[in-house]
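Hi everyone, thanks for coming. Please have the sequence and the model open while I talk.

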Amino acid sequence: MIAPAASQRLRPAPAMAAFAMLAVAAVVSVITGAADLPVRGVVLEVVDRIPLLEVDSGFTARQRDVLWQLRAPRMVIGAVVGAALAVAGAAYQGVFRNPLADPYLLGVAAGAGLGATLAIITGLASTPLLPAAAFAGALVAVIVTYGLAKLGGAGRTTATLILAGVAVASFFTALQTYVQQTSSDTVREVFAWILGRLATFGWSEVLLVVPFVAVSAAVIVAHRRHLDVLAVGEGEAAALGLDVGRVRVLVVLAATLATAAAVAVAGLIGFVGIIVPHAVRLLTGASYRVIVPLSLVGGAAFLVFADIAARTIVSPAELPIGVITAFFGAPFFAMILARSRGAG
């Protein structure tokens, strides 16, 4: 059995703090907006939905519609997307042993952007085919990345995957730019999608993305101990009995699937996969047995809070949520670089 000394168990206090933060974010999200929804009424509405319990929240029919058809699905999709991007970022950082790796490393963002752009210029922006096109584009980009990396030789899979991802991302981005130039009247819609948005979602989108994220997160969480073993190096990990190739493929595929699903429904939201795992690492240590589950919960809370900021800073207008995450991400990057230089 593999049991590297650097690993540590997830303690109750950090886990409880992460869930408490997510609970606060969820409550603030559903009560924030033009329509007044008291916290007490929201809590009673939730209790009323529990089987065999029946309570009167005092909400009007309009208030119930606002809660259950507008704010609740938006809060849930924000939490699911945030969790997906954060846990995928942690997985990529563990597999590639690179603290700056993010969920878009293998060309997912560029492929999804091309797929969404093609859907928008063909008039499918307001149909369920838009997320399907983005999802398909993301998967195609990753398949091409793997195919290109295979040409570099199996012995240098990690390095060639990163280089192949850079090449594929550049190529798909060039294609997207060309397609945009051929249909300049849709540029605004394309950029609105690229900057990320959670504005127009119902429960159908939640049901669409949750299965992919749930399966992917389960695979990554199940392999979190293996990420600790990979941290010592691939040769050493193989000597300890770890099937490095199998673990790498499973974790990368799971992280990519989660990222593609998140991007398909929410657009390109940057920095979540870097900010959250690094914040967890700074607070709790370097073991992925802790980083992975806390990133899952912390990412959900972070993106819900970011969505609250996007809705309130310029209210009644709304900022793209990608602008909010980038606003926090750039200073966070500077802090990471400063700490790295100090450590050096």
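A word on where the values come from. This is a predicted model, with local features needing pLDDT of at least 70, side-chain atom pairs counting only at pLDDT 80 or more, and totals for chains, interfaces and linings using all residues. Residues are numbered from 1 along each chain as its sequence is written, and side-chain values use heavy atoms, with hydrogens and water left out.

When I say helix, I mean a DSSP run of H or I with at least four residues, and strands would be runs of E with at least two, numbered from the N terminus.

Let's begin with helix 3, residues 61-96. How does helix 3 pack with helix 8? Helix 8 covers residues 203-222, and the two pack at an angle of about 25°, with their axes 10 Å apart. The axes here are lines fitted to C-alpha atoms, for helices over the stretch in contact, and angles run from 0 to 180 degrees between N-to-C directions. Helix 3 and helix 8 are therefore roughly parallel to each other. On that scale, angles under 35 degrees are roughly parallel, over 145 roughly antiparallel, 65 to 115 roughly perpendicular, and the rest oblique.

The crossing of helix 3 and helix 8 is left-handed, a term for a near helix turned anticlockwise from the far one by less than a right angle, with clockwise being right-handed. On the helix 3 side, the contact residues include Trp68, Gln69, Pro73, Val80 and Val87. From helix 8, they include Trp203, Glu205, Val209 and Ile220. Contact means heavy atoms within 4.5 Å. By type, this contact has 15 nonpolar residues, one polar and one charged.

Now turn to helix 11, residues 244-266. Helix 3 packs with helix 11 at an angle of about 150°, and their axes are 9 Å apart. That makes helix 3 roughly antiparallel to helix 11. This crossing is left-handed. Helix 3 brings residues including Ile77, Leu85, Tyr92 and Phe96, while helix 11 brings Arg248, Val252, Thr256 and Thr259, among others. The contact of helix 3 with helix 11 divides into 16 nonpolar residues, two polar and one charged.

Stay with Thr259 for a moment, which lies in helix 11. Is Thr259 buried or exposed? At 0% relative accessibility, Thr259 counts as buried. For those words, buried is under 20% relative accessible area, exposed is over 50%, and partly exposed is in between, with a 1.4 Å probe and protein chains only. Leaving out residues up to four places away in sequence, Thr259 touches Leu85, Ala88, Pro103, Tyr104 and Val108.

Val108 takes us to helix 4, which is residues 108-121. Helix 4 is mostly covered, with twelve of its 14 residues buried. Among them are Val108, Gly111, Leu114, Thr117 and Ile120. The expected span is 1.5 Å times one less than the number of residues. After helix 4 comes Gly123, with a positive phi near 85°.

Most residues other than glycine have a negative phi, and most peptide bonds are trans. Leu52 has a positive phi, near 75°, and sits in the loop between helix 2 (39-48) and helix 3. At 92% relative accessibility, Leu52 is exposed. Arg97 has a positive phi of about 50°, in the loop between helix 3 and helix 4. Arg97 counts as partly exposed, at 48% relative accessibility. And which peptide bond is cis? The bond from Ser315 to Pro316 is, with omega near 10°. Pro316 belongs to the loop between helix 13 (288-312) and helix 14.

Last stop: Arg9, in the segment before helix 1 (12-31). Arg9 is exposed, with a relative accessible area of 65%. Not counting residues up to four places away in sequence, Arg9 touches Arg289 and Val290. Arg9 and Arg248 are 239 residues apart in sequence and 22 Å apart in space, C-alpha to C-alpha.

Definitions and conventions. Ala, Val, Leu, Ile, Met, Phe, Trp, Tyr, Cys and Pro count as nonpolar, Asp, Glu, Lys and Arg as charged, and the others, Gly among them, as polar.
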